[in-house]
Amino acid sequence: MPYTVEQPGSNVLRALKGKHVLITGTTGFLGKVVLEKLIRAMPDIGGIHLLIRGNRRHPKAHDRFLNEIACSSVFEHLKLSDPDAFDAFIEQKVHCITGEVTAPHFGLTEAKFEQLAGRLDAVINSAASVNFREELDKALEINALCLRNVIDLSNTGNPLPVIQVSTCYVNGMNAGQAHEDVARPAKGNVARADDGSYEVDELIHLLQDKIADVKSRYSGPVLEKKLVELGIREANRYGWSDTYTFTKWMGEQILARGLQGAPLTILRPSIIESALEEPAPGWIEGVKVADAIILAYAREKVALFPGKRSGVIDVIPADLVANSIILSLAETFIEPIQHRIYQCCSGSGNPITLGEFIDHLMMEAKENYAAYDRLFYRRPRKPFIAVNRRLFGAVINGARMPLQIMNQAMKLAGSERELRSLRNIDTTLSLATIFGFYTAPDYIFHNDRLLALSQRLGEHDQSLFPVDARRIDWPTYLRKIHLAGLNKYALGERKLYRLKTRKERKAA
């Protein structure tokens, strides 16, 4: 059944042998990459426990796992190389738990919660709402408050090590060099504790009061809009660009305060994009941060965007992030009882500017657009131009006003059609509102400690679980791997895979 032969020098494989790990968030992009790597590289792991929320179509975790996770193309290599081994691993070592990370005891009875804690050796929490403009109450719940349930699990019985997947962007609007330390608010007044973390309980109560006030005055779609606006306003007040990064920062503080007696590793990726090598070059699921802009450009909806061409845009392939999580997990068993922060990023070791990023993609689009038939319908007719925010606002607003007047005149004349050029401007404005902060970078993320961890674990593990962004050749990755992955995986047809039962495998 093994997919990777255990190497005598692998500290990671030795550390995780026989261990039972709970993972949240495996219905998401990164969670699937982590799960795939554990299955492929860790045949001797004791068990992988998946906390999965049931939904209307699949109320039970196991059914949702089979229909939304196990059928993913992320497992294509495993299914093709040895389908029986893959099916057997899933049957014997993957345990699905129907639960909700935001509910007390994950929605389990107290007895089952304690039983789960007793079976586990560690927790990887990758569940999150990555919507940058989420309603504040929802973002607060899943990115911060639910971590109290993770703390309760860790503190039930022997303290369980926790790996928390956060984001480099908890550094918020702080400019300059961002190291693997506790991030401070760029604005506002939040008290700092003796251990270096921030005391966010009072801040959370204040936010909850404001949420309750909004809920008392609005309802329906208006309420949703007001909660989104409240989240952005409060994030900006304390020095973050969006609700996602603001609430992820609060989550880090909650864990640091609640797990003082247990090992905690906070792993912060930068902008996660398609895989560099594993499980397949370019593997991706859905449209991520940079991809929304690439797709809008490919469909000729966006040609002008606010951005700083000289700024270092920090992109990291998903497989390097998954490897970082696994190295962090192994370290908690090798050197326990410490709080650590690691950043998985490219900006300090292998920087690429926004201008270079754009130029590589535009050159590929110009020369080979036909190779990406689902992405480009034809050769792009306009260049993609990044300008400073003030000029962007002047150009877009100046162009929008006469188009809006013309559109109104057409409606008065009885036309039901909307000007395509007006729709494109509105698309541009929407994307700029959501992602404009990330295309005007004013910081450099550092990951010296993560690279030192990789070095300590030795050459075998550096080969099995690479994390160093210096292995990325940006022209090749952007032009030949990432665009091809978007075309094949993000925009391609989904192939379903049915797991064979033990009886079916024996009969074959």
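Predicted model: local features only at pLDDT ≥ 70, side-chain atom pairs only at ≥ 80, totals over all residues.
**Entry 1: Ala365.** I looked up Ala365 and found it in helix 14, which covers residues 354-368. Is Ala365 buried or exposed? Its relative accessibility is 1% and the limit for a buried residue is under 20%, so I record Ala365 as buried. I then asked which residues Ala365 is in contact with, leaving aside its neighbours within four places in sequence. These are Phe376 and Pro380. I also checked Ala365 against Asp291: 74 residues separate the pair in sequence, and their C-alpha atoms are 14 Å apart in space.

**Entry 2: the whole protein.** I counted the elements next and noted 20 helices and 13 strands. The radius of gyration is 23 Å, close to the 23 Å that the globule rule gives for 508 residues, so I describe the protein as being as compact as a globular protein of that length. Along the principal axes, the C-alpha atoms fill a box of roughly 70 × 55 × 45 Å.

**Entry 3: burial and contacts.** I noted that 55% of the 508 residues are buried. Of the contacts between residues at least 6 apart in sequence, 84% join residues at least 24 apart.

**Entry 4: surface and charge.** I recorded an accessible surface of about 22,400 Å², with 51% of it belonging to carbon and sulfur atoms. How far apart are the mean positions of the positive and negative charges? For the 65 positive and 59 negative charges, I recorded 6 Å between the two mean positions.

Definitions and conventions:
Residues numbered from 1 in each chain as written. Heavy atoms only, no water. Helix = DSSP H or I, 4+ residues; strand = E, 2+ residues; numbered from the N terminus. Buried < 20%, exposed > 50% of the residue type's maximum accessible area, 1.4 Å probe, protein only. Contact = heavy atoms within 4.5 Å. Rg over C-alpha atoms; globule rule 2.2 N^0.38 Å. Areas by Shrake-Rupley, 256 points an atom, 1.4 Å probe, with all protein chains shown as cover. Lys, Arg positive; Asp, Glu negative; His and termini not counted. Charge placed at Lys NZ, Arg CZ, Asp CG, Glu CD.
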